[in-house]
Every structure is written in structure tokens, then in C-alpha cells.
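This briefing goes through a few local features, grouped by topic. Please keep the sequence and the structure open while reading.

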Amino acid sequence: MLLNMRGRHVALSVLAVRRACHLSRSAHTSPQTLEYKPIKKVMVANRGEIAIRVFRACTELGIRTVAVYSEQDTGQMHRQKADEAYLIGKGLPPVAAYLHIPDIIKVAKENDVDAIHPGYGFLSERADFAQACTDAGVRFIGPAPEVVQKMGDKVEARAIAIRAGVPVVPGSDAPISSLQEVQEFCNTYGFPIIFKAAYGGGGRGMRVVREYEELEENYQRAYSEALAAFGNGALFVEKFIEKPRHIEVQILGDKYGNVIHLYERDCSIQRRHQKVVEIAPATQLDPHLRDRLTADSVNLAKQVGYENAGTVEFLVDKHGKHYFIEVNSRLQVEHTVTEEITDVDLVHAQLHVCEGRSLPELGLKQDKIRINGFAIQCRVTTEDPTRGFQPDTGRLEVFRSGEGMGIRLDSASAFQGAVISPHYDSLLVKVIASGKDLPTAAAKMSRALAEFRVRGVKTNIPFLQNVLSNDQFLYGTVDTQFIDENPDLFNMKPVQNRAQKLLHYLGHVLVNGPTTPIPVNAKPSPVDPVVPAVPLGDPPTGFREVLLRDGPEGFARAVRAHQGLLLMDTTFRDAHQSLLATRVRTHDLKKIAPFVAHNFSNLFSMENWGGATFDVAMRFLCECPWKRLQELRSLIPNVPFQMLLRGANAVGYTNYPDNAVYKSNKENILLQKPEKNGMDIFRVFDSLNYLPNMLLGMEAAGSAGGVVEAAISYTGDVSDPTRQKYTLDYYLKLAEELVKAGTHILCIKDMAGLLKPEASRLLVGALRDRFPDMPIHVHTHDTAGAGVAAMLACAEAGVDIVDVAVDPMAGMTSQPSMGALVACTKGTKYNTGISLEKVFDYSEYWEVTRGLYAPFDCTATMKSGNADIYENEIPGGQYTNLHFQAHSMGLGHKFKEVKKAYVEANKLLGDLIKVTPSSKIVGDLAQFMVQNSLTRAEVEERADELSFPLSVVEFLQGHIGIPHGGFPEPLRSKVLKTLPRVEGRPGASMPPMDFQALETQLRETHGDDITPEDVMSAAMYPKVFQEFKEFTTTFGPVDCLNTRLFLDGPKIAEEFEVELERGKTLHIKALALGDLSKAGQREVFFELNGQLRSVLVKDTVAMKEMHFHPKALKDVRGQVGAPMPGKVVEVKVKQGQTVEKGQPLCVLSAMKMETVVNSPLSGTVAKVYVNVDSSLEGDDLILEIAE
């Protein structure tokens, strides 16, 4: 200790002697011998917010201002804020323009500039620039050139610090010139080490190296970054201090030897050695350490005769020891926090000092400088924290800042319409908050950041908000590892950005048309439906209360004991599946849902989910089917919901592993239990009546706690004694098995509407006699027009429940009319208990609503039902689809042939039960026969040489089960030849689905907001779910739009409202559609809540004729895309080269930062799509790797 003190005294003595010599020199340049020369015109040799900051100070002092700008900066705000602005560096790269000293000096001389302010970065620490100014007779607002040289050269500054007795970190004594020198340093001092640019800061050229294997790569990257940022790639190397605090002291000197400090700033919160958040003063800093830091800073400045503003930077280790690292001989980005706590305008001071005024004249004496409260600066950047802070570029579609008491904003390119380019720093705006203490300042900052709305580019605002709420930040101390050691900082709440995404969607529809395929050339009706009046208060109780109270068994008993005919309303699912291609949106279902809850509480159930609605919701309506279920449940809490479950197919079209079927049902029930918003009744069926598949679905639904309604798919005609395959005895035996298996309700699923009144009496009567205590439910379609008669016959035979649809959605390929059944049973023992007047009100809503779906209405091509279904047995929904398909393929005039071919195809396949997916197999074969002009006999004869549809081949292999009576031979053997065959229940031989792995994969792809329902959606429909997530990422949830806007978009000059959620309504007006740009885009203009907004939309038709760089497909493993926009500076591999996982492929440069793109897998480079100097956008394809 004594030895250390003695060394310290010696150092101080040496410093005292030097100071005396300096003061002696200063005495010869007293204030009387220096002339005060006011500045009349200042040029800022910089861009962005620092240029504007200086311009504002000059304007306040009555000084005229001059801006310079590169060719890439013609639209930047700094050139508009100056009195004059001139182009520099014509033809040069973006950064090089601001480094071109001859151009800058030329502009200054030609325009009578008195002084040049260098800002920060670029030429601010270049001694040759300071000297060039002096040589040209233009004052340099900063230290003298020789001081800039000493302080700007970190190696020389380090030597000066050592001579002044200031502690330093072990490092090289001069700029290193080779990798060998670095290796020798590492052999002496060990790892870790850090490279630093010798002629600049801001984190450029800084690289920490912890292992010998990383040395060469990081040396090359650091050199390249320093060269690009400062025009000189010189580096020096020093020992890296682990987990230090980064404390810097603001100094200010004049021409007369006066130097003062304005206390310190804590800049420890950094990433990639770039400061993110700065605080003044440093929290919990020992007063004695503060004294040492400030004293060393002032002494060091006086040692070199420092003039103007500067910063002395230190590292403070965990033991409280401080180490000098560098002097920044310029204004710092974070000078703002010092200004806030000291009330000293540093730019004013710089200008006055340059004019020749002394610090005492300006009232700047050390004893007058006081700390007043705390200040925080957050650098809001266009970087994405979730992707390693990769810079983002693009157009600011929206910019709204946070303001208010205690908030200061310093910005430049932060305005709507500004283009953030990859050429410069990613800083968007500096937000400075002041308060009496750190928590107060942090609260103001958090509030201000929450008010920001930045759309069009990613920002680090969510990350900054997490920092500000971190307890270590608020109440402890932070070091330079703070970000690395707090991974929870990256658990950011996603920005919703709903309004702007909706504008993008509306713009996309205006430019490119509907996002969902439109089968009919018709427009949605311009008339909006009116919702009938709904009383206030809760709806009356219904059968769901019985279910929740007594469970599935008690529910079934109550249904059987009920007097009168019960109805299930299919309007919310099968009706629109049959008539409108399953296109009815949740938006229109939700509007009428409260009316249903209040007026039809005595319905047995509502069918509103499952079947085609599941995938169509995501695929074509761009909405979540699970959310539909939840929202409808909240609006209709009293009526049971029923869904269609395809046995082992769940809600898909193929077989799934058993655990997937169980999990899909469990998710439905889990939705019900805690939140009271899930499914109640599961109508389980199999497209072949294949019992093993049905038993799996029944067991899955039952074990999850749902009501099991086993459905027998009906075909043929039990009243026709000549039909011997599907006889009454067949159905009774099947029913016997289902009852034994524990079904709560027995259902007859007449998907083609084949039940004639006589067959209805026979079948229902026989089932009623055999199972007197079992509730029986009949589902049919009205394609032939006999549906109402058949259902009345069922009621007479003892059925408990029949399916109906509201009148405008009934008939033809849909269900029988609700109004007709209600009217026909009124006053009889089968009375439904439903008010016919309320049915009329319900019908009026749906009559208008159906007009909104004119582009999908089957009546565009099909004007009536047809009794020929008794012959062709085409299911209702498929009948509509085939009719659409025939017309869309130009075969409308051949639809009769298609129907005949359907009959022949059915016979070829052995006379199947026909319901999805078996009906699709028959339909595919029928269309195959029509397209190839094949007869049944020709198909049988040539079966071994024809290329059958895949669905037919997989059916014959046994992928959906075994049909009643077995597979058709010899057709099966001819088609399959040596192809493998599935024996027994298909799902039994399938390995379990790994839901944990699937969830992990989904989270890696889509983020952490993946729900269990999302996992099920991806399991059932992986590609559809992927496309749905991509859609919502781009356009957000669009279910808040009315149907006409969703399908057709707004008309120009149309005004409308969109309710995002309760209490949040957007007022939107479509204004104009711009011309096609060279980039293949059109600008679409809107007015949103009274403010002008615009979005750029790619014209997909025009872009097909224009060449653009291909994009990397996320779902293709070997395609490597650009992680950020930028320029290719090096390509490290070539086509045909073998690469290992993690091997560097190429180097990108953006915003003066270089990023190495590594190989995501091992393999061979199949193709390289870029060259050196290629300019890339995010996700542009770099190369392809074949595994």
C-alpha cells in the first residue's frame, strides 16, 4: 500500500511540473492577446440528428447554418433544417461522401463558412480534417489538430495517460500491423482480448476474442469495419476487462488553459460495444471514485492543452479500480444527459470557445457546476432485438413520438415517409428523460416510449422498455455484461400494429384483388344486414345448463325425456358449407349470435365447428378457428355447441396418429372447462362406417368429457328391397356396436339427402324399437326437396332431434327449412317450442347476409336442387363443389356427365359410403374419367396402366380404412401392383406425433406466443397453418373488417369504421391509388383517424413481368437468406464446395456493421445467388445448400 502511495506521489509530482510548464506557456497567450472573433456561418460536416442539434444551437445564437449531404441523403431532414445545403461526394459510396475532405473544404470556401463543426463519427476525430480546416482558414469547432491527433490515436492517448499517472489497461503501444503481432500479445497477456479502431469509436471495429481459433476471423472483421467507418483500418489490441462499468467524464476546455468537468455518465448498457442507454450521473458511484475520475480527466486534458468539448472514458472493475481507455475529442452522442443534469448547453459552449471566449466569461467555473437530478438517454434504433439487433431498413409508414414533461427528443429522420437506408447508423431518435432520481426519470422514459408508434421498420423500443423496468437497472448497478446476463430482456411483448397492418391488407386488396379465391364473378352486396333487437341481460337457460350440471349421461336422459321435437341449427356450419363454400366469417356469425342465445335457448344444439370449417377458416377466411369457437361461446353461453369429428381423421382429411386424435378432443374440452367457451357435443363419424376408426374417435371424445354422438353414415335406400348392400339389418347391427361402445346419442348422418319419408319411418322406427332409451338424431340434406317431409316422418317414427337451417340458408344442398319444421309441428305433439316470429327475424338477417357472399353462392350456377341425387348419391356439400368445379373448368355443360361418372366411379370402387373424405375419392375418380373420356369398363380393363388420382391410390392402399364388403377386386390389385397396403386401422400403425418437438419448432419459427391450439392446428394442417401465420404476421387479424371490405376492399373516397376491440375504433377513408413504381409497388393512400397514412403494396401482376432477387423460403432448410438488408462485402464459398454447419458463407455490411452469415447445416453449395457488392434486402436468397 505504501509502495502504491509513493508511486502515486511521484506521478502527481511529475504531473505538477508538467502543469506548471503548461501554465507558463499559457501565460504568453492571455485573454488580452487573443482576439474574440464571432462566428457568422457554421457548416456541420455530418448528417442526421447531430447536424440538426448543432443547427438549432447556431440559430439560437444568430449564426447562419450550412448542411452537406450525400446523394443518398437527398430526402434527409438535416439538409432542410439548415439555411443552405450542398451536395458532396458525388458518385461516391454513401459513407465515403462524408469522408471526402476536399469536397467539404471546397463547399466551405465557396460559401464563406467561418467554422466547421464535425459532429460525431465520420471525420470528427480525424486530425487531417482539423488541419485541412485550419489550412483553409476555416475554424474547426473542436481541439487543435495536434490534440486531435494525440487524443484520436488511442495508442498515443494511452501513452499520454501513462505519463500522467492515469491507470490504463494492458495493451499494444502502437497500432498493430499484422496478425502475428496480435498473436504475440495474446501469448503474453492471454485471453480474452479486444480489438479497437485506432481512429474512431462508437463500437465500430471493436471485437472481443476469447479463443485462439477466433483470432484471425475477428481481426479481419475488425480491420474491415474500422476501414469502412473511419477510412483507416488501424487497430490496437488490449486485455479485455470482464464485467466492468463503463464510466465517462465530460470535459470542456478553452483557449486559455481552463478545463472543467461536467461530471460523469454511466454508459455500461451496451451491445456489440455500442451504447444503448446512458445515465447521468452514474448511480451508486463512490464519491471518492468520482473525485478520482474527474480529477484524472481534467489533469489529462490540461496535460495536452485540451480545447473545446471532449470525453474521457474509463472502465471501472468490480473492485472499484478505474482504467483509462480513451479520449473522444468531440461531442458524444450522449452529451444530452450531461446537459440535462448540469443545465449547460455544450454546443453553445463549443461555439463560444471557438469564437475565443473563456469559460469564466461564459459563467462556467468548476465550483458553479452542480448535479441536478438524473437523466436517462435511450437510443431508439431501427434494430430488431429478437434477431440479434440486426438493423432493419425501409420506409417509416407511421411515426408518432412520446412527449410531455421531462422528455427531450433529438432526431432527424424520424418522420412519416422517411426512408431508413442500410448505408448509415440505425439511430432513429434519442429520447432523454429527466427526473429528481433515477426511478422518476425511468418512469417518464417508460411512459414516453409507450407513446411511440413506429411502423414500417422494427425498433428496439420493446427491449428498452424491458431495460427500464429491470430492478437491477433501477435500484442496483449495471456493467457492460448487463444485456448478456439478463436474457429476460428479450422476452418482449409483441407490437400489435393492428391499424397499419389493416391498411396494408386493404391496400393489398385494392391493388391485387381478394386474398381468397373467388369462384363466381359477382360482387358482395352493398347492403349491410340489420341485427334484430336483443334484450338486455343474460339469455335464458338452455340445454347446456343441463349438460354442465348433470354431465353427458344426464344430458342424454334429459334429451330423451323431452316432449316435442328438438332442433339442431346448422346455419353456423353445414348450411353455409353446402351453399356458400364454407365461406361465412366469424364477423357475421358474432353479430347474430346474441339474438340466437336470447331467442332459441331451447335448441338441442348449434353445429358451428369441425369439418371443413376448420381448415377453411385459416386457408380462405384468414381467421383462427379456435378463436371463433371461443368468441361464439362467450356470446352463446346457454346453447350446446356441436362439432363434426371425422373419427380417426379428427378435423382433417387423412388419418392421424392416435395421440393426435385424443389431443384434438382434449383441447376442445379444455377450452370448455376453465373458460366455459369450448365444445359440448362431438358427432363422431367415419367416411366408410369403419368401426375401428369410429371407436377411436368416440373414445377420444368420451375420455375428454364430451357428449359422444356416434353417427351412422347413411347411403342406399332401406325402403328398396333390391338394394342389398346397405340394408336395414346392416344399420341395426352397426348401431348395436355403437351403443355397446357407449355412445350417448345415436345419429343417422344422411349426407346426400337420400332418406325418403318411407325409409325414414323404417330406419328410425327400427332403431327406436331396438334402443328405446337412446336419443336419436337425424341429419339430412334437402337436395331433392323432400327434406321437410322426411324429417316429419322421422318425428312420427320417434326421432328426438332433427337438423334444420334458417330459411334463407336452407334447401337445395343445405338442410331443411327451420321455419317450415317449426310451422309444420306447431300445435302438434312434435311442437319445437320455437317462436315462428323469431325465426322470421332470424331469416331476415341471413337473407341480407347471404348477399355479402355472392362470390361464393352456389345459386350462381345451380338454380335448384335435383332429385337425381337418389341415383348418384352425391353428398350435399360435394354436389355444390362439383358444380362449381365443372363450371370453373369449362365443363358446366357436362355436369350431367360428371354426375353419371360419379355413379360409375362409385360402382368401380365397390359402392362406398360417401362422405368426406371417401366422397372426394369418388369425385376425383369421376372427374378423372370425364377428363380422359373413360368408361367404367375401360377403367377396369386399363387399370394397370392408368395414372389414377393419388386419393384413389391411397384409398385402395387402405389409408382411410376398410370399406364395408372389402376392396374391389381385381381393380385394387391392378392399380396397386407392388405398392404397400395398410392392414387394419390405419392410425394403429402410425408412430405417435411428437407434440413437444412440434411446439418447439413452431416457437422457433413464429415466436413464443404459440398456443396449444396452434400446435393442434399445425399438427392437422401444417402447410395451411404456416400460411395462416405468415398472413397474420403481415396483415394482422382481419376478422374485425366487415365482409364486403374483407372480400372486395374499400372504394376510393369511401369512409368506414373498424372496431379493433371494445372502445377502440378506427375511422378510415380510402383516398387514392398511386402509379406503379420501378420496384413494382403502388402507394395506396388512406386517412386514418384524421391523419394521412400510406402503404406501399407490391403489384403481383406487374411484378411477374419484372425481375427481382429471389427470396429464401423459410420452410426449405438449405436456402440461406440475408438476415438483414445490406451489401455483400465478401463471398467465402463457391458452387460445389462442401461446407460444415456453422462455417462462414459470406459477409454483409449494413449501417457500418459487418455480419458473418454462417451455414445452418452441413452439405454442398448447390448455387450462389450473390456477388461482392450485391445489395440485398432482408431474406433475399444468398445461396442454396444441398444436404
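In what sense do strand β6 and β8 pair, and over how many bridges? In this predicted model, β6, made of residues 193–197, pairs with β8 in the antiparallel sense, and the pairing runs over 5 bridges.

**Helix α10**

- Helix α10 covers residues 215–230, and at 1.5 Å a residue its 16 residues should span 22 Å, which agrees with the 22 Å between its end C-alpha atoms.
- The buried residues of α10 are L215, N218, Y219, R221, A222, E225, A226, A229 and F230.
- An α-helix has 3.6 residues a turn, so residues three or four places apart point the same way.
- G231 follows α10 and has a positive phi, near 75°.

**The annotated binding site**

- An unreviewed UniProt entry carries the annotation "binding site" for D574, K749, H779 and H781.
- Although these positions span 208 residues in sequence, no two of their C-alpha atoms are more than 12.2 Å apart, so they gather at one spot.
- H779 lies in strand β29 (residues 776–779), and with a relative accessible area of 1%, under the 20% cut-off, H779 is buried.
- Once neighbours within four places in sequence are left aside, the contacts of H779 are D574, R683, I748, K749, D750, D803 and Q815.
- Between the side chains of H779 and D574 there is a polar contact at 3.2 Å.
- H781 is placed in the loop between β29 and α27 (787–797), and H781 also counts as buried, at 4% relative accessibility.
- Not counting residues up to four places away in sequence, H781 touches a set of residues that includes D574, S578, D750, M751, G876 and G877.

Definitions and conventions:
Residues are numbered from 1 along each chain as its sequence is written. This is a predicted model: local features need pLDDT of at least 70, side-chain atom pairs count only at pLDDT 80 or more; totals for chains, interfaces and linings use all residues. Side-chain values use heavy atoms; hydrogens and water are left out. Two strands pair if DSSP finds at least two bridges between them. Helices (H or I, at least four residues) and strands (E, at least two) are DSSP runs, numbered from the N terminus. UniProt positions are given in the numbering used here, feature names are shortened, and annotations may be inferred rather than shown by experiment. Buried means under 20% relative accessible area, exposed over 50%, partly exposed in between (1.4 Å probe, protein chains only). Contact means heavy atoms within 4.5 Å. A polar contact is a pair of N or O atoms within 3.5 Å; within protein, one must be able to donate a hydrogen and the other to accept it, and residues adjacent in sequence count only if both atoms are side-chain atoms. The expected span of a helix is 1.5 Å times one less than its number of residues.
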